[in-house]
Amino acid sequence: MNSNPTKRDRVILGAVCATIAAALLVYSQTEAFAWDEGFHLLAARLILAGKRPYADFLFAQTPLNAYWNALIMRLTGVGWRIPQAMAALETAGAVWLISSYVLRRSRLPVAIGLAFLIGLNDVVVWYGCIPQSYGLCMLLSAAAFRFTVGERALFAGLASGAAASASLLAAPSGAVLFIRMWRRPAFLAGALLALSPVLWALATTPRQFVFDVVGFHVNYRQVQWSGWVAHDAGVLTSWLDSGTGLILVGLAIAGIWVGRSRPDVRLCAWVACVASAYVATAHPTFPQYFTVAVPFAAVLASAALEKVSGRWPAAAIAMLMVAALAREIWQEHGDFSWGTLAPVIAKVKQVATPGARVLADEHIYLMAGIMPPEGLEWSSGHKIEMPLDQARPLHVLPQSELDKQIKNRMFDVLETCEESDVKRLVLRALYKNTEQIGDDCFVFWNPNRP
Amino acid sequence: MKRREFAMVGAAVAAITALLLVYSQTRGFGWDEGFHLLAARLIDAGKRPYADFIFAQTPLNALWNALIIRVTGLGWHGPHVASALESAATVWLVADFVLRRAPVPARVWLAIAAAALIGLNQVAVNYATTSQAYGLSMLLGVAAFRFCLEGPVLLAGIAAGAAASASLLTAPLGIVLFLWLIFRGGVRRVAAYVAGVLVGLVPVLWYLAIAPKQFWFDVVGFHLYYRQVDWSGWFLHDLEVLTGWLDSGQGMLMFVLVAAGVVMGRKRREIALCSWLVAAYCLYLSTTHPTFAQYFTVALPFAAILAAGCLQELYERYPRRWPAALVAGLMAAMLARTVWQQAANMSWANLETVASEVRRVIHPGDKLYADEHIYVLTGAMPPPGMEWGSSHKIAMPADQARMYHVLPQAELDKQVKRGDFGVIESCDEDEVKRLGLSDLYGQSKQIGDCFVFHELKSH
């Protein structure tokens with residue numbers, strides 16, 4: 001174990017991590033976009049306006065990331081740019097925590113290779129630069145791991161609990177670390193402290209919290225996903241058809257084998273396997289969910305890389321990762337982004353008079369500065385079909401009820417990026433004015449009221 | 001060499017052969033194989049490539065397919081079986097080569113890994129089981145390589161010449177082996193090799209002699225002057241193809257193993273020759289604008305030998321057999337995933353339904369406008385100039401076009417609008433709209449992505 005890396009090594013690794021952070025920051029401000037980030041940002045906006053998740057609106061996530069984004073917005077203003085910049089920095093922080101750990105155990109080339117391996121992994125870049133909880137979870141999980149191997153139980157518990165408070169996807173990692181630290185009550189104390197946002201919500205709005213965070217995922221997640229088995233099989237095997245995915249998974253598996261006598265490798269193997277197994281059971285699952293296992297997979301990969309002497313393997317990995325990411329960004333360039341939504345936001349702002357009732361995607365509410373009507377805070381919540389008396393206390397607006405409101409022309413302005421909805425609801429017949437913006441989005445205003 | 005080792009590698013190659021055969025008879029399909037099969041059909045009917053119809057390939061594969069069709073009857077099943085067996089034979093030649101040269105304790109798994117790297121490569125499985133020249137080119141290429149190293153070099157020359165006669169994609173093979181023999185062999189060996197190449201090139205030389213102008217235009221002129229027509233975005237397309245391995249599990253695995261094999265095994269003679277072959281192929285194939293992933297299958301046997309070289313060097317440093325077994329397992333898993341994901345792609349089964357509809361609606365004496373596959377499946381002979389759909393993009397004066405058996409798109413459009421065709425079949429919806437076929441014909445049927453039009457309105 002190289003427990004005392006030289007200052008030169010630390011500076012070089014710091015420079016590499018800073019370069020990766022800069023790349024992630026640039027990406028977060030230009031190309032980074034995921035459709036689901038809309039409701040995360042809107043939740044933060046609602047919190048900022050004094051609303052409480054679960055109690056006042058449907059929110060199927062644990063709350064810490066939404067509070068964190070709300071704090072960022074409180075300090076820097078409503079918008080997507082600073083939350084995305086923060087997410088990029090959180091991801092870069094995770095890269096630094098893991099690669100600096102590897103530097104303490106191994107050699108500089110291994111640490112650098114590893115920083116590139118995780119920092120430029122395409123799924124990490126796509127989803128670690130948006131204000132969903134992936135960046136925060138990776139950072140907190142990496143911190144929890146380092147505190148655990150450093151036997152700092154209180155901080156390990158705090159970081160694990162905070163990760164689970166940011167996303168339930170990170171809960172299994174915390175559970176494994178808890179088992180590793182079970183003789184240390186401080187871990188449990190820290191975890192409980194960090195879980196206080198979750199425990200508070202559970203105490204104040206137990207019914208809504210359990211429905212949103214558990215019931216929705218158990219009972220409604222697969223609704224409108226009839227092909228989830230094939231979808232999940234495709235996701236779970238996608239690393240086989242991804243050059244960079246293959247390198248990370250291949251090195252991690254090799255690392256488990258060659259480093260099996262090392263306690264930190266055994267710990268990471270357990271965490272990575274348990275977290276991956278848990279995420280694989282989230283039907284439908286998605287590649288980005290597996291980012292919570294990336295810090296641990298990275299430590300495993302480092303055990304394999306350590307066995308290869310010389311600098312060229314690390315240099316080759318760095319070059320391959322740069323080339324593969326450049327190709328991915330080039331190929332994805334022109335896809336849907338915040339830039340695509342800018343003219344849609346402008347149009348909605350132009351046609352929505354003060355007090356107008358607006359039906360829109362979450363991103364549009366956020367950027368147009370419009371508060372969503374009750375039940376419209378999360379569009380995926382509409383797939384929950386239940387009697388209205390049950391739906392009301394849960395802040396659910398079922399699709400059938402929403403369709404009725406649309407057909408009764410209850411919305412002064414309607415924005416959608418789903419062409420199938422435009423056809424299904426015959427929206428052109430319901431509104432006097434329509435504008436298609438780009439290939440995918442439509443704004444309707446001036447309803448044909450009788 | 002122990003019999004048991006041969007049996008184990010033989011069993012692996014037999015399993016790959018069975019898989020290739022099954023794939024060739026079920027999913028094996030490449031759009032471009034239509035004109036290869038149609039060319040074979042025309043040769044079988046007594047026509048001569050270049051002299052009687054345009055054919056922008058060297059002739060051996062078409063002649064070979066014509067022979068197969070003569071024996072097995074008109075259709076795609078026989079040529080597909082032949083291609084699958086050619087690919088399987090390539091797999092065997094490479095596996096056997098590795099088996100004979102690798103260190104004893106690991107050689108079985110190294111040979112199996114090499115076999116998997118070719119026989120389970122998704123691009124090779126997709127394309128080298130069709131009636132295009134990929135299977136034959138791989139087989140002749142690896143035969144030339146082995147004869148060059150193991151003798152007799154006359155046969156190396158014949159195989160290299162025959163490979164170039166089957167597809168111009170293999171042209172670098174003959175040149176690299178020639179240079180290798182100049183530096184590593186004596187004058188006699190070089191002379192024997194050159195004599196062999198000339199023998200292998202007999203089909204090319206024959207057609208060059210009987211139709212020099214047409215041969216030159218088809219095989220060289222078309223690729224120099226007309227290949228990029230209708231491909232305005234070829235530069236980005238090529239960049240995407242050339243970097244495609246970065247976004248493919250098999251591509252990345254192969255690249256890493258090949259690059260490491262070149263570095264780690266550079267002192268070994270066969271690795272050095274394979275390195276030159278792969279480098280020459282990659283350079284040459286990346287200059288054919290537009291290029292395609294399947295072109296690189298001709299370099300695959302040599303890449304597999306380099307990859308096995310890497311695994312061998314790894315074994316010498318870290319004597320475990322599992323890395324080679326893991327490579328074989330990964331190749332199988334990756335192929336299974338790709339085949340599953342591509343299950344809904346177009347296949348011959350889709351086109352057979354279209355061909356049935358064409359057969360049902362066509363009247364004796366009707367002139368048929370169709371994709372090449374449909375001519376093959378229905379047994380109809382294409383009208384002059386319709387033997388290769390891509391040739392319509394060659395715009396040239398009528399007297400020149402006639403000499404080269406070219407029907408420019410403008411002239412074809414006129415014929416369509418004049419109502420020269422009793423039945424039109426097309427799987428190109430843009431073309432259907434552009435020509436306004438729904439207005440020209442009274443009856444139409446859409447089958448998947450394809451359309452069949454008949455009953456001209458003016459009639």
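Leaving aside its neighbours within four places in sequence, which residues is B:Glu357 in contact with? They are B:Lys445, B:Ile447 and B:Val452, where contact means that two C-beta atoms, placed from the backbone, lie within 7 Å.

## Basis of the model

This is a predicted model, in which local features need pLDDT of at least 70, side-chain atom pairs count only at pLDDT 80 or more, and totals for chains, interfaces and linings use all residues. Residues are numbered from 1 along each chain as its sequence is written, while chains are lettered from A and ligands numbered from 1 in the order in which they are written.

## Around B:Glu357

B:Glu357 belongs to helix α18 (residues 348-361) of chain B; helices are DSSP runs of H or I with at least four residues, numbered from the N terminus. B:Glu357 counts as buried, with 21 C-beta neighbours inside 10 Å. The scale is as follows: a residue is buried if 20 or more other C-beta atoms lie within 10 Å of its own, exposed if 12 or fewer, and partly exposed in between.

B:Tyr50 lies in the loop between α2 (33-44) and α3 (60-72) of chain B. Its phi is near 75°, a positive value in a residue other than glycine. Most residues other than glycine have a negative phi, and most peptide bonds are trans. B:Tyr50 counts as buried, with 23 C-beta neighbours inside 10 Å.

B:Ala211 sits in another part of the chain, in the loop between α11 (202-210) and α12 (212-226) of chain B. B:Ala211 is partly exposed, having 19 C-beta neighbours inside 10 Å. Apart from neighbours within four places in sequence, B:Ala211 is in contact with B:Tyr50 and B:Ala51. B:Ala211 and B:Ala51 are 160 residues apart along the chain, yet 5.5 Å separates their C-alpha atoms.

## Between α7 and α8 in each chain

In chain B, the loop between α7 (134-150) and α8 (153-166) holds B:Pro152. The peptide bond from B:Gly151 to B:Pro152 is cis, with omega near -5°. The helix α8(B) has 14 residues, and its end C-alpha atoms are 20 Å apart, in agreement with the 20 Å that it should span at 1.5 Å a residue. That expected span is 1.5 Å times one less than the number of residues. Of the 14 residues of α8(B), 13 are buried.

In chain A, A:Glu151 is in the loop between α7 (134-149) and α8 (153-166). A:Glu151 is not a glycine but has a positive phi of about 60°. A:Glu151 is exposed, with 9 other C-beta atoms within 10 Å.

A:Pro284 is placed in the loop between α15 (263-280) and α16 (294-306) of chain A.

## Helix pairs in chain A

Helix α3 (residues 64-76) and helix α4 (residues 81-105) of chain A have axes that come within 9 Å and cross at roughly 125°. Axes are lines fitted to C-alpha atoms, for helices over the stretch in contact, and angles run from 0 to 180 degrees between N-to-C directions. This makes α3(A) oblique to α4(A), since angles under 35 degrees count as roughly parallel, over 145 as roughly antiparallel, 65 to 115 as roughly perpendicular and the rest as oblique. A:Asn69, A:Ile72 and A:Thr76 of α3(A) make the contact with A:Ile82, A:Pro83 and A:Met86 of α4(A). These residues divide into 4 nonpolar, 2 polar and no charged. In this grouping Ala, Val, Leu, Ile, Met, Phe, Trp, Tyr, Cys and Pro count as nonpolar, Asp, Glu, Lys and Arg as charged, and the others, Gly among them, as polar.

The axes of helix α14 (residues 243-258) and helix α17 (residues 312-332) of chain A come within 10 Å and cross at roughly 145°. Here A:Gly243, A:Thr244 and A:Ile247 in α14(A) meet A:Ile317, A:Leu320, A:Met321 and A:Ala324 in α17(A). The division is 5 nonpolar, 2 polar and no charged.

## Where the chains touch

Chain B gives 14 residues to the contact and chain A gives 12 residues. On the side of chain B that touches chain A, α14 (249-264) and α17 (322-341) each supply at least two residues. The largest share, 5 residues, comes from α17(B).
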